[in-house]
Amino acid sequence: MLKTPDVLLLFCVVGAVNALYKHWIPDTNYENKTNWDKEGVPCGNDIVLFSAQRKVSVFVETTHAVQEMRLPVDGEFILNSGAGFYVVRGKDPGCSAGQTTQFKDSESLHWFNPALWQAAATFDDLQRGNFLFSVHEESVPCQYDDVVFKARSSFRVDTSSSQSTIPVKSVSVLGKTFDSRYEFSQYLSSRSGQLQFHGSSTVTVGEPGCGDPSGCDCGNSINHQQICNTVTCAPVSCKKSLLPVGHCCDVCGAIITIHTATGFNLESYRQRISHLFLVLPQYKSIQLGMSKVFKSQRLLGIIPFVTSPEIQVVILDGEKGKQSESLAWDIVRDARSHGSNLGIINAEFQASSGSSSEQTGGNAGMVVGVVFGILIILTLIIIFMFLLIHKGVVRIPSLPSVLFLSSLKRKTDIGELGGPLDHGFDNPMFDKPNMLPDIPGLYANSISLTQTGLHFVNPVYDENETEFNA
């Protein structure tokens, strides 16, 4: 039976789904000072410069004074209500000496750059800034995620990839959510859509949400190399660095592997870990990411033969740098204590300190795995040899004739009942010729050929005494 804290946590996440909100961080807003080369918004004494050959969509929220403005050949201003520009006559007293301020280039902002996205479990968390940590593959929008661009904002993103389409659940632009493929394709064909989205791949919406409460595969493993090409890995100084599934860089911390059964709910478990552990003061600086991954199982640790789903919990050291192993132990103990209520079969971890959790029956499981692997390898070898023999690549050598004759002789010496064959009495004249007396002429003329046939002469009798004609 569930204890009271378990029940409360489950009720807190009723209706939660295993899809995240992915928020695009950069924008092309006029009021964003990071979009200008002088790190400040132009004022009334400044000359505003947009690159003539660059395409851009700029959102303007308020009214701005300018001295002069040079516009691009292809671009647009999206004006908020009451927003606009005006030219100051003379000098603007609220502005420093005039200068030329150029709008930065936004062509290099790529969809598959994980540093340009933020993830949240709910839309409210997204608004409050309660962001989640994810491995690099899952920092970029997954096929089940809702993509959000800020409501009062514009942007420009390069969607080029090796795939023709980038599927997601929905896309929100300028406060409007698109979950219909037809409606969003119409928007992409508009002037704003062409300026905001560019590249060889097309973003498509309308993907169904994840229907598996235990979590779904993100689907970005096919873009792993392109994602990692945008990532710069920092050097690590831990004893044994770890590489989580779906991540581009080695990390210091701990990785928990959870084996689940029917009844496990990924989002419920994510909320449980947050409420029980991440709120504790000693874990405030911890980054924790949780996702469903598929790991290759290997025979003898070498030959991959099947993939199995697991829950991967990645814990990264924060400012203190020594709390990841402690948190991993807390999570593993909790999983082993309440696993039957949470749909968890087993949990173990590895830490960058070199330590790992003890696994009950681990040695027996290893032995069984090794024996099973050896049997499969032997079976594969036998099948392979049979195929080679069947195709004539390998031939079985024939037995020597001596062995064949020896075997045949052994068979003739065996009677019908399996015993030695009865040859009757010994004939000293034929079986043992060396026992006959050495009498000259005894064996001469013992065979004669006559007109009536071939005769054998018995030397014991005189041919003159008895004659038999056939």
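Here are some notes on the model, point by point.

1. Ground rules. This is a predicted model, where local features need pLDDT of at least 70 and side-chain atom pairs count only at pLDDT 80 or more, while totals for chains, interfaces and linings use all residues. Residues are numbered from 1 along each chain as its sequence is written, and side-chain values use heavy atoms, with hydrogens and water left out.

2. The three-strand sheet. β5, β2 and β8 make an open sheet in the order β5-β2-β8, with parallel pairing. Strands here are DSSP runs of E, at least two residues, and helices are runs of H or I, at least four residues, both numbered from the N terminus; two strands pair if DSSP finds at least two bridges between them. The edges are β5 (68–70) and β8 (100–102), each pairing on one side only. From one strand to the next, the twist averages 20° (axes are lines fitted to C-alpha atoms, and angles run from 0 to 180 degrees between N-to-C directions). β2 and β8 share 3 bridges in the parallel sense, and valine 48 sits opposite threonine 101 in β8.

3. Phe50 and its partner. Take phenylalanine 50, in the loop between β2 (47–49) and β3 (56–60): its pair with phenylalanine 77, in strand β6 (residues 75–79), ties together parts that are 27 residues apart in sequence. The ring centres are 5.7 Å apart and the planes stand at 75°, so this is an edge-to-face pair. For the cut-offs, rings of Phe, Tyr and Trp (its six-membered ring) pair if their centres lie within 6.5 Å; planes under 30 degrees apart are stacked, over 60 edge-to-face, and the rest tilted. Phenylalanine 50 is buried at 4% relative accessible area, whereas phenylalanine 77 is partly exposed at 29% (buried is under 20%, exposed over 50%, partly exposed in between, with a 1.4 Å probe and protein chains only).

4. The mixed sheet. Five strands, in the order β9-β1-β10-β13-β14, form an open sheet with mixed pairing. β9 (117–120) and β14 (176–178) are the edge strands. β13 (residues 170–173) runs antiparallel to β14 over 3 bridges, with serine 172 opposite threonine 177.

5. Aromatics overall. There are 20 aromatic pairs in the structure. Ring pairs also build a cluster that includes Trp24, Trp111, Trp117, Phe149 and Phe178.

6. A covered strand. β17 (residues 253–260) has 6 of its 8 residues buried. It pairs antiparallel with β20 (residues 344–351) over 7 bridges, and isoleucine 256 faces phenylalanine 349 across that pairing.

7. Asparagine 130, in the loop between α2 (123–128) and α3 (136–139), is partly exposed at 38%.
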